[in-house]
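The following exercises are to be worked through with the sequence and the three-dimensional structure at hand. Each task is followed by a solution in steps.

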Amino acid sequence: MIQTTLSNPKRADLPPVQVCFPISAYKEIYTKLEAIGIGSVLERDCCVTEINGRYPILKRLENTTINVDELDYLAKRLESFDRNELAKFQGVAAINGYSDMTDLINLTFCCQEATVVRDFSDLGKIGREHYMDLHGGITEDELKNVDFQKTALSLLLNESGKVTPYGVVYENCMYMEQLYDRKTFPDYDYSGQSVMTVAITDRNDPDTSALITWLYLPMEECYIERAMLRAGINTFEDIRLQVHSSDLPAELDTLLSADTKQLRDFNVLSNVLSAKYQILDDVGRQKLGAVIQMASPSNLTEAINLIRQLDLFDFVPGVSTPEEYGRHTIIESGHFNYDGELDEFYDFKKYGNWRISNEQGQFTPVGYISYHGFISIDEVMAGSETERMGMTMGGM
C-alpha cells in the first residue's frame, strides 16, 4: 500500500487530495482529483506532496509530478512482489537513479534478473539464489549437483556489486526491456480474480497493432473509459475487442463470439457473475449452465437478466429420467413422509412424469432444470422481474 498526498502544482490555493494506491474506488478518486484540476488521463499533472508506504525508494517521487494511473499500475505490480523482489527493485532503482515512472514500471518486469545480497553468512543460500536469478529457476538435479558455495564465491570475488540501503546489488547484465510505452500498460491481472480478460485495440488501426489495452472484467466503467482514452479510442463503437480468457459458463461461449462489440455488456455480465460465483458452489454453477441451456438466450442482455433471477429455477443434479426425478422428489426433497419399507409400492416414474408435465422443466446433460416464475421465461429474459411461484405437493 502506498499513501500519497497529491496537489495541483499550478494551484497552491486548492486543497490536496489523499490517495492510497492501488486505488480501490476509481470513480471516487477521479472525482476528487478532477475537483482540484488534476488527474489527467495521460499527463503527469499530480504533484506528489508526500508519499509513504512499504517502498522507501519511492520517496524520490516527492515534489515531482506523476500520472495517477501510472502510479496505480506501479503500485499493483509492487504489491505482488515478495521481500527479495522488492530488494531487487529498490536496489537496481537506487544504483541507476531511476525516478521516472516509465523506468520504474519497466523495471518491475526485469529486476528479477538481478541479485541482491543482504546476508553474507550463508554462502550456500547466496549461491542458490544467484543461480536462480541467472537461470530463471532451478531443477531438482541442479539442487543436488551444483556447488552453490562455489557459485557464491565466484559472484562475491569476481563481480562488481554496488552497496545500497537494500543490499549489495549485482545487475547480472540485466536487460531493461521497454514494455511500457507511456500509453498502454503491459498485460498484468492484479487481482487474479477476473471473470474475463479482454484485449481492445482501435478499430481503425491494423489488426496487427501492438497498441493493446488489457481489461480484466469486471471493472468500474470509469476506469474502462479512461483506459480507452489512454489508448486513443474515443467511443465504444471504435473498439476492436478480443476475448483473451474467460471463466464464464461454457454455455455462454456462443454469445461471446456473437457479441464481441459489446464491451459494456461484457462488463455487466462479469459483474453479475462475479457476485454470483462468490456464493455458488459447484452444483450452483451447474445450475447456471443448465438455465442457459434451457432458456437459450439470444444475446448477452438476455443472459444477464436470466442470471439475475436464478432463484426462479430449481435444479436437481445428476438425474436424467422421470423415475430418477420422481425418486429424488419423494425421498430426498423433504416434502413427503417417505417410508422406506413401502419403497416397492411407490411409482417413482409416474410421479416424475406427473411433475414434469405440471412444470416447465427439462433434462440436461448435468441434471433436471425447471422454471417456477409467474411470467414466461421470455419475459424474464426481456428484463421483467417476477416472484417465485410455489407448487402444491399432491398425493400419490
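**Exercise 1. Two helices in contact**

Val-68, Asp-69, Glu-70, Asp-72 and Lys-76 in H2 meet Tyr-223, Arg-226 and Arg-230 in H8. The model is predicted, so local features need pLDDT of at least 70 and side-chain atom pairs count only at pLDDT 80 or more, while totals for chains, interfaces and linings use all residues. Residues are numbered from 1 along each chain as its sequence is written, and side-chain values use heavy atoms, with hydrogens and water left out.

Task: Determine at what angle H2 and H8 pack, and state which classes of residue make the contact.

Solution. 
- Step 1. Helices (H or I, at least four residues) and strands (E, at least two) are DSSP runs, numbered from the N terminus; contact means heavy atoms within 4.5 Å.
- Step 2. Axes are lines fitted to C-alpha atoms, for helices over the stretch in contact, and angles run from 0 to 180 degrees between N-to-C directions. For H2 and H8 the angle is about 110°, and the axes are 12 Å apart.
- Step 3. Angles under 35 degrees count as roughly parallel, over 145 as roughly antiparallel, 65 to 115 as roughly perpendicular and the rest as oblique. H2 and H8 are therefore roughly perpendicular to each other.
- Step 4. Ala, Val, Leu, Ile, Met, Phe, Trp, Tyr, Cys and Pro count as nonpolar, Asp, Glu, Lys and Arg as charged, and the others, Gly among them, as polar. The contact of H2 with H8 has two nonpolar, no polar and six charged residues.

**Exercise 2. Strand S8**

Task: Decide whether the residues of S8 are buried or exposed, and identify the strands that pair with S8.

Solution. 
- Step 1. Buried means under 20% relative accessible area, exposed over 50%, partly exposed in between (1.4 Å probe, protein chains only). Seven of the seven residues of S8 are buried, so S8 is largely enclosed by the rest of the structure.
- Step 2. In a regular strand the side chains alternate between the two faces of the sheet. Met-196, Val-198, Ile-200 and Asp-202 point one way from S8, whereas Thr-197, Ala-199 and Thr-201 point the other way.
- Step 3. S8 and S9 pair over five bridges in the antiparallel sense, with Val-198 opposite Leu-215 in S9.
- Step 4. S8 also pairs antiparallel with strand S10 (residues 239-246), over seven bridges; here Ile-200 stands opposite Leu-241.

**Exercise 3. Arg-44 and Arg-182**

Task: Locate Arg-44 and Arg-182, and list what is computed for each.

Solution. 
- Step 1. Arg-44 is in the loop between H1 and S3.
- Step 2. A polar contact is a pair of N or O atoms within 3.5 Å; within protein, one must be able to donate a hydrogen and the other to accept it, and residues adjacent in sequence count only if both atoms are side-chain atoms. The Arg-44 side chain makes such a contact with the side chain of Glu-70, at 2.8 Å.
- Step 3. Leaving aside neighbours within four places in sequence, Arg-44 contacts residues including Asp-100 and Arg-182.
- Step 4. Arg-182 belongs to the loop between S7 and S8 and, although not a glycine, has a positive phi of about 70°. Its relative accessibility of 37% makes Arg-182 partly exposed.

Methods:
Pairing = 2+ DSSP bridges.
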